[in-house]
Structures are given as structure tokens and as C-alpha cells.
Amino acid sequence: MDALRFLAAHHVEGIARLREHLARNPSRDEQRHGRLQAQLAAQALLAGVRPVLEPPVGDLRLGDVLLELRGFNRGGSSTGTSRRLVRAIELKAKQTRTAPSVWVWIEDDGAFPDLDDTAVPGLERVFASWPHLEGVVLSGPLPIALPRAHGFGPLTVVHRPGLPPDRYALIHRLCSSGGRPSCT
């Protein structure tokens, strides 16, 4: 059973809005975004957390945590790519500033190999500027080391300094399956 049917069978809030959005927006990026939302929501449901798809702010609410998803594609130099990544995370933090806590999930579309060490101070600055931003999930192999990073196969989870382990336990659980659940 695919994730959308699994969520519909479990009457997950927002499934109709997500299906409608996917029907209206057939582009490859929107379809990938919607599939990821559904997969993560299904994984959360399997983990015992009731998800809400397409809440008023963000892409997916998992208990008291908001998850905001974003694609990230190639372009420019490695320093430019690192700056663009930091700006993308900061923009998502700004868009979700009314949420008590948020995680930003960045889906790589070939850009991560171009990252360089300039991403590290930028990411630290974003964490310092946006206290509701608890962490970031990066969906591709990284050529750089990031502080407080935890690897889960192709996924890397980076959390803010001083974040208690219970605040990132669910994200780690989602990532331990690569964010790709089996809904059968």
C-alpha cells in the first residue's frame, strides 16, 4: 500500500488537502515534495505520533514539532551553494517563526557535493538567530563535517546546540528508516 492510501485508511488529518494539492500541481518537484510529506507522515504514524498534513503553517505537524520540507538544487560555486543552503534554511525558519519548534528537511537534488566549510558558521548563525529552529535534516551525502551531526545512511541530522535528546528522538526515529517507511 502506498503512503497516501495508508494515511487515508488511518484518517490522517490533511490527507484530502495533500491529495488535492498534488492533483493541482503535477510538476516533478511538487510530486516529490508531496510523496516525502506522505512518507514521513506514515512513518510518524507507525511510530505512534499522529501527524497532520498541510497544517496552517508548515508541511507536516508531528505532535508539537513542525516539519518544513524544501528541495535544493545545483547552481553556482561551492561557496555560493553553501550560502544558498544557509539562506534556504533561514527562510524556512523565518516562514515558521510562529511555531514553537520546527525542523527543516532539505531534499538534495545534486547540490550537496558542492558544499564547503562556509556552511558551518552560517548554520550556527541561523540556529542562534531563530530559537524555534531545533534542527535540520539533509538528505544527501555531505562533503563537509557539521557540528552535532548524526548520520543515518544518506541522511544527516544536525540539531541546535544544547537541544535535549528527547527533542530530536522522533526525528532520529524517522531518519533511521531513511525517512522512507514501509506502509504494508
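How exposed is Arg148? I began there. Arg148 is partly exposed, with a relative accessible area of 24%. That is a value from a predicted model, like everything I note below.

**Entry 1**

I looked up where Arg148 sits. I found Arg148 in the loop between E5 and E6. Its phi is positive, about 60°, although Arg148 is not a glycine.

I then turned to His11. His11 is not a glycine either, yet has a positive phi of about 55°. His11 belongs to the loop between helix H1 (3-9) and helix H2 (15-24). Is His11 buried or exposed? I noted a relative accessibility of 64%, so His11 counts as exposed.

**Entry 1: the sheet**

Next I traced the strands. I found an open sheet of seven strands with mixed pairing. The order reads E1-E2-E3-E4-E5-E7-E6. Which strands lie at the edges? They are strand E1 (51-53) and strand E6 (149-152), and each pairs on one side only.

**Entry 2: E5 and its partners**

I took E5 next, residues 133-138. On one pairing, E5 meets strand E4 (residues 102-109) in the parallel sense, over five bridges. Trp105 stands opposite Val137 in E5.

On another pairing, E5 meets strand E7 (residues 155-159). This pairing is antiparallel and has four bridges. Val136 stands opposite Val158 in E7. Leu138 has Thr156 in E7 as its bridge partner.

How many residues of E5 are buried? Six of the six are, so E5 is largely enclosed by the rest of the structure.

I looked for a helix beside this strand. Helix H5 (residues 119-129) lies across E5 and E7. H5 runs at about 145° to E5. I followed the chain through E4, H5 and E5, and they make a right-handed β-α-β unit.

I moved on to E7. Five of the five residues of E7 are buried, so this strand, too, is largely enclosed by the rest of the structure.

Which way do its side chains point? In a regular strand the side chains alternate between the two faces of the sheet. I checked E7 for this. Leu155, Val157 and His159 point one way, and Thr156 and Val158 point the other way. All of them are buried.

E7 also pairs with E6. The two run antiparallel and are joined by four bridges. Phe152 stands opposite Leu155 in E7. E6 and E7 form a hairpin, with two residues between them. In the turn I noted Gly153, which has a positive phi of about 60°.

**Entry 3: the cavity**

I asked how many cavities of 30 Å³ or more a search of the whole structure finds. The search finds one. The largest cavity has a volume of about 60 Å³.

I listed its lining. The residues are Leu85, Val86, Ile89, Leu115, Ala119, Leu123, Leu138, Ile144 and Leu146. Helix H4 (78-95) and H5 are the elements that give two or more residues to this lining. The largest share, three residues, comes from H4.

**Entry 4: Leu146**

I picked Leu146 out of that lining. Leu146 is in the loop between E5 and E6. Why does Leu146 count as buried? Its relative accessibility is 13%, and the cut-off for buried is under 20%.

I then looked up its contacts. Leaving aside neighbours within four places in sequence, Leu146 is in contact with Val120, Leu138 and Val158. Leu138 also lines the largest cavity.

Leu146 and Ser101 are 45 residues apart in sequence, and their C-alpha atoms are 21 Å apart in space.

**Entry 5: the pocket**

Last, I looked at the largest pocket. Its volume is about 160 Å³. Which residues line the largest pocket? I wrote down Asp29, Glu30, Arg32, His33, Leu36, Leu69, Arg70, Gly71, Phe72, Asn73, Glu107 and Asp109. Helix H3 (28-46), strand E3 (65-73) and E4 are the elements that give two or more residues to this lining.

Key: Residues are numbered from 1 along each chain as its sequence is written. This is a predicted model: local features need pLDDT of at least 70, side-chain atom pairs count only at pLDDT 80 or more; totals for chains, interfaces and linings use all residues. Side-chain values use heavy atoms; hydrogens and water are left out. Two strands pair if DSSP finds at least two bridges between them. Contact means heavy atoms within 4.5 Å. Axes are lines fitted to C-alpha atoms, for helices over the stretch in contact, and angles run from 0 to 180 degrees between N-to-C directions. Buried means under 20% relative accessible area, exposed over 50%, partly exposed in between (1.4 Å probe, protein chains only). A crossover is right-handed if, with the strands pointing away from the viewer, the path from the first strand over the helix to the second runs clockwise. On a 1 Å grid over the protein atoms alone, a cavity is a set of points where a 1.4 Å probe fits but cannot get out, and a pocket is an open set with protein on both sides within 12 Å along at least five of seven lines; lining residues have an atom within 4 Å of a point. Grid points are joined across faces, edges and corners, and a volume is the space filled by probe spheres set on the points.
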